[in-house]
Every structure is written in structure tokens, then in C-alpha cells.
Amino acid sequence: MIIYCFDINSKDKKRFNTIKRRFYYDLKKIKPLYGFFYSKSVICVEESRETEFDLFFSKYKEYIVLFKGYLGFLQKIYGP
């Protein structure tokens with residue numbers, strides 16, 4: 001499993017909102033939610049989708065800070 005941690009950056013508020021809107025619109029199209037963790041700035045995906053998500057994030061490399069890690073397992077402790 002792969003975990004991506006990202007943060008959208010822009011000094012101009014209007015530009016930030018434009019990038020954020022487009023980023024989440026495009027993210028929704030590739031459907032990261034298949035039983036894995038997804039939050040405001042963290043996404044966990046199967047290793048088979050690594051190339052797909054690397055390509056997605058590369059479109060926004062000028063506007064985001066991105067960290068990527070490989071997980072052996074992920075365990076849910078609390079929550080619905």
C-alpha cells in the first residue's frame with residue numbers, strides 16, 4: 001500500500017482556490033476511494049495504482065508539496 005501526503009501551496013488566494021478546485025475535481029475523476037483511507041491531505045492506494053497517482057500528482061508538481069511512503073499494513077484504531 002502507498003500513502004501520499006500532500007499540501008497545496010500558493011501565495012495568491014485566488015490562484016490557490018483555482019488550483020484547489022481543479023485538483024479535487026481531477027482527483028474525484030480517478031476515484032481514489034476503494035476501501036482505502038482518504039482525507040483532506042492524505043491518500044492511501046494500492047501499489048497497482050502507483051503509476052496512475054504519480055502521473056496525477058505530477059500535473060500539479062508546481063503547486064503542491066508531496067510525500068510518498070510505502071506501508072506494510074494500515075490498521076484502523078477508532079472511528080465509525
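**Close-up 1. Phenylalanine 56, a buried ring in a predicted model.** At 4% relative accessibility, phenylalanine 56 counts as buried. This is a predicted model, so keep that in mind for every view here. The ring of phenylalanine 56 pairs with that of phenylalanine 23: their centres are 5.2 Å apart and their planes sit at 50°, so we call the pair tilted. The two partners come from distant parts of the chain, with phenylalanine 23 in helix 1 (residues 13–29) and phenylalanine 56 in helix 2, 33 residues apart. Phenylalanine 23 is buried too, at 0% relative accessibility.

**Close-up 2. Tyrosine 4 meets phenylalanine 57.** The structure holds ten aromatic pairs. In this one, the ring centres of tyrosine 4 and phenylalanine 57 are 5.0 Å apart and the planes are at 35°, so the pair is tilted. It's another link between distant parts of the chain: tyrosine 4 belongs to strand 1 (residues 2–8) and phenylalanine 57 to helix 2 (residues 50–58), 53 residues apart. Tyrosine 4 has 0% relative accessibility and counts as buried; phenylalanine 57, at 2%, is buried as well.

**Close-up 3. One aromatic cluster.** Tyr4, Phe6, Phe23, Tyr24, Phe53, Phe56, Phe57 and Tyr60 form one aromatic cluster.

**Close-up 4. Aspartate 26 and its neighbours.** Aspartate 26 sits in helix 1 and, at 13% relative accessibility, counts as buried. Leaving aside residues up to four places away in sequence, aspartate 26 touches Phe56, Lys59 and Tyr60. With tyrosine 60 there's a side-chain polar contact of 2.3 Å. Aspartate 26 also forms a salt bridge with lysine 29, where the closest N and O atoms are 3.5 Å apart. Lysine 29 is exposed, with a relative accessible area of 52%.

**Close-up 5. Lysine 68 in a salt-bridge network.** The model has four salt bridges in total. Glu50, Asp54 and Lys68 are linked in a network of them. Lysine 68 meets glutamate 50 at 2.6 Å, N to O. That pair links distant parts of the chain: lysine 68 is in strand 3 (residues 64–70) and glutamate 50 in helix 2, 18 residues apart. Lysine 68 also bridges to aspartate 54, at 2.9 Å, N to O. Aspartate 54 lies in helix 2 and lysine 68 in strand 3, so this bridge ties together parts that are 14 residues apart in sequence. Lysine 68 is partly exposed, with a relative accessible area of 35%, and aspartate 54 is partly exposed at 28%.

Terms used
Residues numbered from 1 in each chain as written. Predicted model: local features only at pLDDT ≥ 70, side-chain atom pairs only at ≥ 80, totals over all residues. Heavy atoms only, no water. Phe/Tyr/Trp six-rings, centres within 6.5 Å; stacked < 30°, edge-to-face > 60°. Helix = DSSP H or I, 4+ residues; strand = E, 2+ residues; numbered from the N terminus. Buried < 20%, exposed > 50% of the residue type's maximum accessible area, 1.4 Å probe, protein only. Polar contact = N/O pair within 3.5 Å; in protein donor to acceptor, adjacent residues only side chain to side chain. Contact = heavy atoms within 4.5 Å. Salt bridge = Lys/Arg side-chain N within 4 Å of Asp/Glu carboxyl O.
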